[in-house]
Amino acid sequence: MSAGALLRRLLGVIPLLIGISLILFAVIHLAPGGPLDVYADNPSVTPEALARIARAYGLDRPLTVQYALWLKAMLIGDWGYSIRTGRPVLTEITERIGPTLELAAVAASVALLMAMALGVVAAARDGRRIDRVIELVTLGGLSIPVFWLGLVLQYLFSVKLGWLPSAGLETIGGSSFGDRLAHLVMPAAVLAFATGAAWTRYLRAGMIDALRQDYVRTAYAKGLSRPAVLLRHGLRNAIVPAISIIALDLASLISGAVITEAVFAWPGIGSLFVESLDGRDYPVLMGVLLAGSAAVILANLLADLVQGLLDPRLRDG
Amino acid sequence: MTDASRGQNWSRRGALGGIAAATTLSGCRPLRRRADNTLVAGLTYDLDTLNVYSTGFLGDVQAAVVEGLLAPDAHARYVPVLATSVPSIANGGIVIDPDGTGMTITYALRRGVRWHDGAPFTAADVAFTWRAVRNPAFLAESKDGAEEIVAIETPDPFTVVCRYAKVTPTFAATLFTFGILPKHLLEGVNLNNAPYNERPIGTGPFIVTRFRRGQYVLTERNPHYWRRDAAGRQLPYIDRLIFKIIPNSNTLLTQLRSGELDLVTQTPYDQAKQMNGLAGVDLVRSPLLSWQHLDFNFRNPLLRDPAIRRAIAHALDRSAMVKVNGGFQTPAWSVVVPIFDFHDPHALRYPYDPVRARAILDAAGYVPGPDGVRARAGARLSFRVVTQAGKADDELTQQIILAQLKAIGIEAFADNKMGIAYRQARYKGDFDMTYSSWVTGVDPVYSRFFATHGSNNGQAYSNPAMDRILAQMESTLDPVERKRAAFEMQHLLAVDLPTIPLTNAVAVVSKNSRLQGFTPNPTNMTPYVSCAGWRLNA
């Protein structure tokens, strides 16, 4: 992709994001409930008090006006303030993105290693027993609910064995690198298992496809060893079509680790999203969703770039 | 050895190695037994702010950090905290104006109390708190108690004189009981986004040293805390109190089982039974100032017929409702929670008796039609019952109510709403019947619910006699008079039946057996208000 094409694609992102924001805004506000629901059972918060708070946050204005004001502020870089905490949305998000990136990076690395190892082995042993075992494992990864697997691991490793902390980012007051790693093991494993299972399947299919090609036969004929053929000719070709799916999954790992973060009380962007959704904290919800959308779009762009680097045929102008 | 079996061998060894490494990395810290004097409590909600006047949640953390002049104890009675006594007419703390319209309350403040930063606590802080909460620019969740005071004087640093425009028996329920704000730190500061909201400074037994949003609040023992135990030992006993934020209740209880948590003050009913009998964990039941009830909308002409309301009262079996809620709630027969002195144990009751319920409807001329639904002169007994959608316990109880109404020939169907829609329905009367609950502080203002113009009276219930009784109850400080009015209110409610009280909720506290001296608290001040006296056995 040339610099000009890249710039054009980047500029195209802006109207796309505005369109997405319009849809998100409409959907969020059409959902029942509102940020003042937290007071529903509290009889000392009178309708007058609620009206006062609603007025202060502009919640009493027509939706179109609310959206226009939000968009105007957003375009000059003002993400607004959280209704729940009164803090800037940008602060809320930047504070929570770190733990999510940490979790997503570790989970993605483990998932990628798992996918490459299992995908190559399964494809090399297509139809054999080990292939069927791997198929069963990946089926488990795709079908076992994340929260259930999380609870089982917590029960086993925290309650029964007492080896790993069951939740949180660190031991409060006594944090070290090892401590943080111990806290990371279970959530990363759960997230990696689900993601890695899907990637394994893509890679296996890509590998089987690649291994049937003529150039593989040629490589064997040249006397290359089996591992060399599998990795250099098989995996390299199989990974190209898988890249776009993996890149999109990377974005969803960042924006979509909602359940994993909830089960393991991981203070990331996913749990911020759930808390904001519960509290109908519109400004934070919009911020998180828009950042998530931007991540998906950029990941897509990145996937195209990487694919171009790996496969010269895909490079354009 | 085949390739495949070699692969399996490797992965098994790898997995074991990984687990061993992780165990080593966790510092071999035994999760089950913490030797230090730290109590770790679990919170099921993410904290919005630590400012006690702004939060939408109960002030669990705040109760350990910030103190008020008074506080409710385990029996929902006020005890002095930063004041030296609870003002009353008997002790001269309250003086009614000669013409009986207004009153003056004088608080004598405790001497020698210091804020967490070392500054002395004085009457100026109390007067500042009133001004700050009353300030229209401050978006407090509730300004209750601030508007009723018309002036505050501080004749000396340890005396506060509050002037009220009218006699207000509920003076202790809000403002100065919630907590006092430090004037020296907050004067001229915008309280809506002050750093104080993240790191409150109080006079309480624990000092907030770190607040990580979405994770935890770390508090340390206040070394200069003013309170001592009976033996003269300075409180609190515990060195560190940590509040961990774990919104997922399964994870919360896993942490309790693994020993990573010591205390959960609100165990979900469906999980409380699993905790029962678990080694090292005690379950404590604590009453709450809440009652679940079925209300009638008087805008519906059929529901204005007392025969129908009476029949429904006899048709409801509270034991079934208690059962579906895990057996933890208790049947309620009055809107006044039994813990209060004002509770009338002999208030008129409508025992569960479907035969009688049907007889009442028969006598009133409502006869079953071909579809089994009763009708009179073409008016079918068919009603919409509204409750808040998404509240599983409430929706379950609602189903029982619907079935019990059906059993006496009344058709009722769920019309549940969420959020604003639900609240609007409840406040503006868009329902035939509504099943819901109220949670109150120590001094519930019942006129909110049952007076003709009560802010929470969405039922359009109106009885001048009731208005009179409530006005009487809420404008006198004479306990005998108030109790008499409260009993009259309960009697009239049972006669008029605008509402049928059904159950009282109970908080189930799960705690580590090491934790001693724990006292539950039924009020919105939470059990943490007495955490200075908690201790951990070795």
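A:Arg84 and A:Asp281 form a salt bridge, their closest N and O atoms lying 3.7 Å apart, where a salt bridge is a side-chain nitrogen of Lys or Arg within 4 Å of a carboxyl oxygen of Asp or Glu. This pair links distant parts of the chain, 197 residues apart, with A:Arg84 in the loop between α3 (63-75) and α4 (89-124) of chain A and A:Asp281 in the loop between α11 (269-278) and α12 of chain A. Helices (H or I, at least four residues) and strands (E, at least two) are DSSP runs, numbered from the N terminus.

The model is predicted, so that local features need pLDDT of at least 70 and side-chain atom pairs count only at pLDDT 80 or more, while totals for chains, interfaces and linings use all residues. Residues are numbered from 1 along each chain as its sequence is written, chains are lettered from A and ligands numbered from 1 in the order in which they are written, and side-chain values use heavy atoms, with hydrogens and water left out.

### Salt bridges

Both partners of the opening pair are buried (under 20% relative accessible area, with exposed meaning over 50% and partly exposed in between, for a 1.4 Å probe and protein chains only): A:Arg84 counts as buried because its relative accessibility is 17%, and A:Asp281 because its relative accessibility is 0%. A:Arg84 and A:Asp281 also belong to a network of salt bridges that links them with A:Arg96, A:Glu275 and B:Asp46.

| Salt bridge | Closest N to O distance |
|---|---|
| A:Arg84 and A:Asp281 | 3.7 Å |
| B:Arg212 and A:Glu170 | 3.5 Å |

The salt bridge of B:Arg212 with A:Glu170 crosses between chains, running from strand β8 (residues 206-212) of chain B, which holds B:Arg212, to the loop between α6 and α7 (177-211) of chain A, which holds A:Glu170. B:Arg212 counts as partly exposed, at 35% relative accessibility, whereas A:Glu170 is buried, with a relative accessible area of 10%.

B:Asp341 is partly exposed at 47% relative accessibility, and B:Arg77 is partly exposed with a relative accessible area of 45%.

### The loop between β2 and β3 of chain B

B:Ala74 is found in the loop between β2 (70-72) and β3 (78-80) of chain B, and its relative accessible area of 27% makes this residue partly exposed. Not counting residues up to four places away in sequence, B:Ala74 touches B:Ile339, B:Thr519, B:Pro520, B:Asn521 and B:Pro522, a contact meaning heavy atoms within 4.5 Å.

### Chain A and its helices

Chain A has 12 helices and 0 strands, and its C-alpha atoms fill a box of roughly 85 × 60 × 35 Å, taken along the principal axes. Of its 317 residues, 48% count as buried, and among the contacts in chain A with a separation of 6 or more, residues 24 or more positions apart account for 74%.

Helix α6 (residues 146-160) of chain A has 15 residues and should span 21 Å at 1.5 Å a residue, which agrees with the 20 Å between its end C-alpha atoms; the expected span is 1.5 Å times one less than the number of residues. α6(A) bends by about 25° at A:Gln154, the bend being the angle between axes fitted to the seven residues ending there and the seven starting there. The buried residues of α6(A) include A:Leu149, A:Leu153, A:Gln154 and A:Phe157. An α-helix has 3.6 residues a turn, so residues three or four places apart point the same way. α6(A) is followed by A:Gly162, whose phi is positive, near 70°.

In helix α12 (residues 282-310) of chain A lies A:Ser293, which counts as buried at 15% relative accessibility and touches A:Leu17, A:Ile20 and A:Leu24, not counting residues up to four places away in sequence.
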